[in-house]
Amino acid sequence: PIGMYLEKAQQIADLLDQKGADYATPDKFFTQLANAWSGLLGIELTPSQCCSMMIVFKACRMVANPKHADSADDLVGYSLILTELAKLQREHEQAD
């Protein structure tokens, strides 16, 4: 039916807004995460790469427990964040 995903999409969007208020905007948080993981691993990671790795992490959790709805919601959330990070990267490159 038309609109069957709207309620879930709004719930995920609201959660992303709350997480942004609690921790930092996705671009700031994933920049921090990229810096931390880069230091630990000794290689340079981008915020988008870190977000992509979180998507893979959640996908692995879904394979282990496909009934866990929270992991499915997280996959959607991280995909939305990755879309925003890619948009910000394009805008940054165009400004240079």
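Student: Which elements does the protein chain have, from the N terminus on?

Tutor: The elements run α-α-α-α, with four helices and zero strands. Helices (H or I, at least four residues) and strands (E, at least two) are DSSP runs, numbered from the N terminus. Residues are numbered from 1 along each chain as its sequence is written. As the model is predicted, local features need pLDDT of at least 70 and side-chain atom pairs count only at pLDDT 80 or more, while totals for chains, interfaces and linings use all residues; side-chain values use heavy atoms, leaving out hydrogens and water.

Student: By what are two packed helices described?

Tutor: The description uses the angle between their axes and the distance between the axes. Axes are lines fitted to C-alpha atoms, for helices over the stretch in contact, and angles run from 0 to 180 degrees between N-to-C directions. Here, helix α3 (residues 47–64) and α4 pack at about 165°, with axes 9 Å apart. The two are therefore roughly antiparallel (over 145 degrees).

Student: How do the residues of the contact of α3 with α4 divide?

Tutor: They divide into 13 nonpolar, four polar and three charged. Ala, Val, Leu, Ile, Met, Phe, Trp, Tyr, Cys and Pro count as nonpolar, Asp, Glu, Lys and Arg as charged, and the others, Gly among them, as polar.

Student: At what angle do the axes of α2 and α4 cross?

Tutor: The axes of α2 (residues 26–41) and α4 (residues 69–95) cross at roughly 90° and come within 10 Å. These helices are therefore roughly perpendicular (65 to 115 degrees). Pro26, Asp27 and Phe30 in α2 are in contact (heavy atoms within 4.5 Å) with Tyr78, Ile81, Leu85 and Leu88 in α4.

Note on methods. Parallel < 35°, antiparallel > 145°, perpendicular 65-115°, else oblique.
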